[in-house]
Amino acid sequence: MAVREVVTAPDERLDLALDTGASLLAASAGQWPAVSRAVLGYADTAVGRCWSAGWRPADLARVVRRELKPVHLALAVDLIAAEGRRYPAAATDRRWQEQLRELEAETWWPSDEGYLPAFAQRHRLDRFALATALLELLRSWGRLPPIAPVGPAPGHTARSAPGPRGPAVGEPRMLSRIRALLAKAESTGFPEEAEALTAKAQQLMAQHSIDEALLAVDGADPHAPGALRIGVDNPYEGPKTMLLDAVSAANRCRVVWAKEFGFCTVIGFDADLDGVELLYTSLLVQATHAMQQAGARQHLDGASRTKAFRQSFLVAYAARIRERLAEATERTTSDAAAGRHLREDGTAEQLVPDERLLPALKARTEAVDQEVDRMFPKLVSQRVRVSDGEGWAAGRAAADRASLRGRSGEIRR
């Protein structure tokens with residue numbers, strides 16, 4: 001089939017394979033319904049192979065955004081939706097379903113036979129252009145290597161140390177409250193209000209994580225560490241990864257960066273992973289806004305030094321956030337060990353100190369470390385250079401202003 005020839009073609013022969021394959025598909029005018037059905041069948045197999053190799057819906061979409069064009073992304077979302085018809089919702093985990101919703105992966109076309117004509121009409125493509133885009137997409141996916149899975153593939157049962165689990169009773173309300181607080185922190189023009197809102201959000205995350213740790217001691221939560229992937233895109237992906245690592249470390253999570261694919265894998269317990277994703281997203285918004293407000297920079301000769309300035313800005317921002325989160329972690333852990341408990345509505349109550357807490361937190365940290373060793377037995381470290389002193393100073397100042405102080409929340413390490 002033309003698709004297979006393109007997927008397996010060496011780079012030096014790709015243009016010829018694409019032209020030949022697209023011409024064959026486009027010339028099948030009278031057989032277009034059969035071609036459409038066959039393409040969806042081939043795509044089902046190709047997408048299923050990606051799931052078995054550890055990839056997830058958001059990962060495949062991220063690959064397309066980085067390498068191809070918007071029309072390829074529209075095709076990708078449709079092919080993911082088409083393949084997803086094979087599984088009931090119960091055959092996928094919570095984060096898988098969330099990714100499908102975020103992608104808006106739905107089967108909108110009238111029938112499998114009518115998919116390609118309907119897509120061409122929707123995006124105003126001729127048959128050759130559509131066939132070329134389809135072949136380029138399937139080649140991109142067909143050459144992806146296996147990666148460490150962060151949960152079971154659809155229709156498969158997780159190992160006994162499972163990945164993300166479904167939300168516990170009351171958890172969606174807690175996460176919704178945290179999202180609302182962080183959204184207000186990002187949008188307010190008053191630093192003091194932003195600081196108070198984010199501090200309250202982090203306190204809720206911290207207390208929820210402590211509660212989960214104590215549930216595990218009681219045997220009520222048998223779950224082991226899981227993982228999720230968070231996209232980290234250019235520009236300045238190194239400093240952004242440092243910021244994610246700072247937030248993760250404060251929540252007893254670990255980060256492994258796959259630079260070539262534009263994502264980080266965050267390993268930790270499920271409640272902590274939710275908090276990391278929310279807080280990192282919020283802090284990245286704040287950091288980007290502060291960096292843009294700092295403006296452009298030039299050397300004395302007029303040449304731009306904006307890139308070096310912003311790189312140093314974000315490195316300093318991440319370093320200072322790490323310091324502040326570490327301080328908050330220590331305070332929150334001490335309060336919890338002393339029996340001071342934060343309710344979901346933000347009010348505090350005094351309980352009998354629980355001597356099990358610190359050993360429980362230590363045990364969870366060790367479990368995360370063991371999971372990292374299992375998933376990534378060969379890791380290397382990478383340094384990020386700072387070349388602009390002004391950018392470093394501005395980044396630290398912006399981190400001090402970030403809505404983070406008093407964040408007794410990103411708990412403990």
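View 1. Axes are lines fitted to C-alpha atoms, for helices over the stretch in contact, and angles run from 0 to 180 degrees between N-to-C directions; helices (H or I, at least four residues) and strands (E, at least two) are DSSP runs, numbered from the N terminus. In this predicted model, local features need pLDDT of at least 70 and side-chain atom pairs count only at pLDDT 80 or more, while totals for chains, interfaces and linings use all residues. Residues are numbered from 1 along each chain as its sequence is written, and side-chain values use heavy atoms, with hydrogens and water left out. Helix H13 (residues 306-337) packs against helix H14 (residues 357-375) at an angle of about 135 degrees, their axes lying 9 Å apart. That angle makes H13 oblique to H14, given that angles under 35 degrees count as roughly parallel, over 145 as roughly antiparallel, 65 to 115 as roughly perpendicular and the rest as oblique. Thr333, Ala336 and Ala337 of H13 are in contact with Leu357, Leu358 and Leu361 of H14, where contact means heavy atoms within 4.5 Å.

View 2. The 3 strands are arranged in the order E1-E3-E2, with antiparallel pairing; two strands pair if DSSP finds at least two bridges between them. Strand E1 (226-231) and strand E2 (254-258) stand at the edges with a single partner strand each, so one side of each has no neighbour in the sheet. The twist from one strand to the next averages 25 degrees. Helix H11 (residues 237-250) packs on the sheet and touches E1, E2 and E3, its direction making about 160 degrees with that of E2.

**View 3. Strand E3 and its partners.** Strand E3 (residues 263-268) pairs with E1 over 6 bridges, and 5 bridges join E2 to E3. Cys264 in E3 stands opposite Ile230 and also opposite Trp257, whereas Thr265 is the bridge partner of Arg229. Phe263, Thr265 and Ile267 point one way from E3 and Cys264, Val266 and Gly268 the other way, all of them buried, that is, under 20% relative accessible area with a 1.4 Å probe, protein chains only.

**View 4. Confidence along the chain.** The protein chain has a mean pLDDT of 82, and 80% of its residues reach 70 or more; pLDDT is the predictor's confidence in each residue, from 0 to 100. Over residues 159-171 the pLDDT is below 50, and this stretch has 30 contacts in the model beyond near neighbours in sequence. Where pLDDT is low, the predicted coordinates should not be read in detail.

Notes
Buried < 20%, exposed > 50% of the residue type's maximum accessible area, 1.4 Å probe, protein only.
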